[in-house]
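I opened this model to look up a few local details. My notes follow in the order in which I took them.

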Amino acid sequence: MVSKKTRKRLVISLFLISALLDLIYIVTSWVPTVWVQVILYLIMSLYFILKMKIASSVGKYVTRGLLILLVCLISGLLFIDISSNSIAITLNSSDKLPTVRIKKQKLENQKSLLADMNTMNSFGSRLTGSTGQNQFIDWLEKQARKMNLAVHENKYSFLNWTEKDSSLYVNKQKISISSVYPYSGKTGSKGISKELVYTDNNNLDRAKGKIAVIQVDNTKTIPKQLIMNQQSSFPKGTHITSNDGDITLSAALRATNLKKARKAGVKGVILVWKGASDSKVKEQYQPFTTDYAGVPALWVNESEGKKVIKAAKAHQKGKITLIATRKRVKTKSFYVTIPGKNKKESIIINTHTDGVNAIEENGAIALLAMMRYLKDQKPNKTLVFAFVTGHFRLPVFKGTSQATSTWLKDNPQVWDGKGKHLKAVAAITAEHLGSMEWKDNKNGKFSPTGKIQTEYTYVGNQTMNEIWMKAVKNRKLTRTVTLRGHNGFEFGESQPLFNEKIPVIGLIPMPDYLTTSSKNLEMDKFSVNLMHQQISSLLKATLTIDQLSSKQLKGQSYSYFIGR
């Protein structure tokens, strides 16, 4: 019989071991430490179940039964977590894959790529349904037809919102605006003048009939292990950067729900950034995932925000002006095919054509380069190049996830395998190529780090992981982290393909300036050399996949719980 003193020491020891495992996990992000910790908790729980003393025999059996059920549930979740979060082995069996060499003389050179980038930039910002996007799509279709490739279109129209002018005054003092909240609302030319009320998203009723001032804290990030699950990396030691994509996540998760604000009677909203430099948040087109709300809203940086918050705490007056148009506009997606020897199978290669700068989105330039390289070859599988619209109007085009889901719904003949339709056995998504890393430094200045942006790449299974790792292995510039779709999250236009169980390779670097709609279109943060190398990798992956059978390319589902 174990003495009471010994049991006490045992419990304390288990808690100390658990705390040590916590520390190891925080430092290393090594998932097995969490599994060991859960197992320890299970042992402790079972011990107390067996040792507990309850006066009522009915109460004893009910309590023990519930605790045993809880233990079984935790054990089941642990099993699912371990089995679904299996860690891929870097470059494990890539030598078994066919070796593909790119003919440099056939690959688009950097000068030609830069010329195409400059042409794209000449159309300016390319928001969904804008003149710039429509001009860009027309130019892309013209390039495809020059290659004697047939263009297949899907045409759409939707109710657009476009800002024309905006301003903010507090006590007749002009406040600099970082950006406007897209599709928020609009005012007349005289704007709206109301009392400012400092509140939060849970207490919007305080600002009924007034202008709500709400701070958005960019330092409060959600744990990446909940939305990402790292599989492999190259070079060794490359890992997920904790604050990549923070502006997009903060805006999507913490910006005010304007429909709720409207329901609460709020007349306008001023959102104040916290924890990001003034230059980092300037002209960010965020959030781009919300529908029209009918409440005008503006963003201000932290410096200007201090003035606004001070005025709001004193219940002083502010004036918002946001002049915008609402009209029905046209947009379109299109695809081209390079027929393969196998008339039953296809590989989807996709991107989106709408964006706000040179990085977001330049995937179409990469697809053009790939088409020029591959057009005279006779692939085994039919190659389908999809140029999709709607990424910047997801409330209209997202379907089940991202804009490509609408394109999939409208073009089953190239992917679903029903009847005489082609069956997509794999897919490759290209987004945000050539992006260099910029971060807020220790002095709070948004500046280059000297590194390329981490090349996050979603892989649909272990084979796709090995294909991509081999495709990047000999590059001079690479900083690759492969990911598995996790807890329902997969960022970018590869997600709809992954959801259809099509094995994917989805290249999606996430620079902090991704949605910055600046005058220079962020070209100072672009590297044509990096883009050239990334296109080479995308071609290698495509040609490798083309040589594999569909049995080798079986899709995978999401992993769950705690990611690596």
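Entry one: a serine in a loop. I found S494 in the loop between β16 (480–484) and α14 (495–499). Helices (H or I, at least four residues) and strands (E, at least two) are DSSP runs, numbered from the N terminus. The model is predicted, so I note that local features need pLDDT of at least 70, side-chain atom pairs count only at pLDDT 80 or more, and totals for chains, interfaces and linings use all residues. Residues are numbered from 1 along each chain as its sequence is written, and side-chain values use heavy atoms, with hydrogens and water left out.

Is S494 buried or exposed? I read a relative accessible area of 1%, so S494 is buried (buried means under 20%, exposed over 50%, partly exposed in between, with a 1.4 Å probe and protein chains only).

I then looked up what surrounds S494. The S494 side chain makes a polar contact with the side chain of E490, at 2.6 Å. A polar contact is a pair of N or O atoms within 3.5 Å; within protein, one must be able to donate a hydrogen and the other to accept it, and residues adjacent in sequence count only if both atoms are side-chain atoms. Leaving out residues up to four places away in sequence, S494 touches T429, E431, Y458, V504 and G506 (contact means heavy atoms within 4.5 Å).

Entry two: strand β8. I looked at which way the side chains of β8 (residues 297–300) point. A297 and W299 point one way, L298 and V300 the other, and all are buried. In a regular strand the side chains alternate between the two faces of the sheet.

Which strands pair with β8? Strand β3 (residues 179–180) runs antiparallel to β8 and is joined to it by 2 bridges. I noted that S179 has W299 as its bridge partner in β8. Strand β7 (residues 268–274) pairs with β8 in the parallel sense over 4 bridges. There, V272 stands opposite V300. Two strands pair if DSSP finds at least two bridges between them.

I followed β13 (residues 436–440) into β14 (residues 446–452), and the two pair in the antiparallel sense over 4 bridges. M436 has I452 as its bridge partner in β14. How many residues lie between β13 and β14 in the hairpin? I found 5, and G444 in the turn has a positive phi of about 80°.
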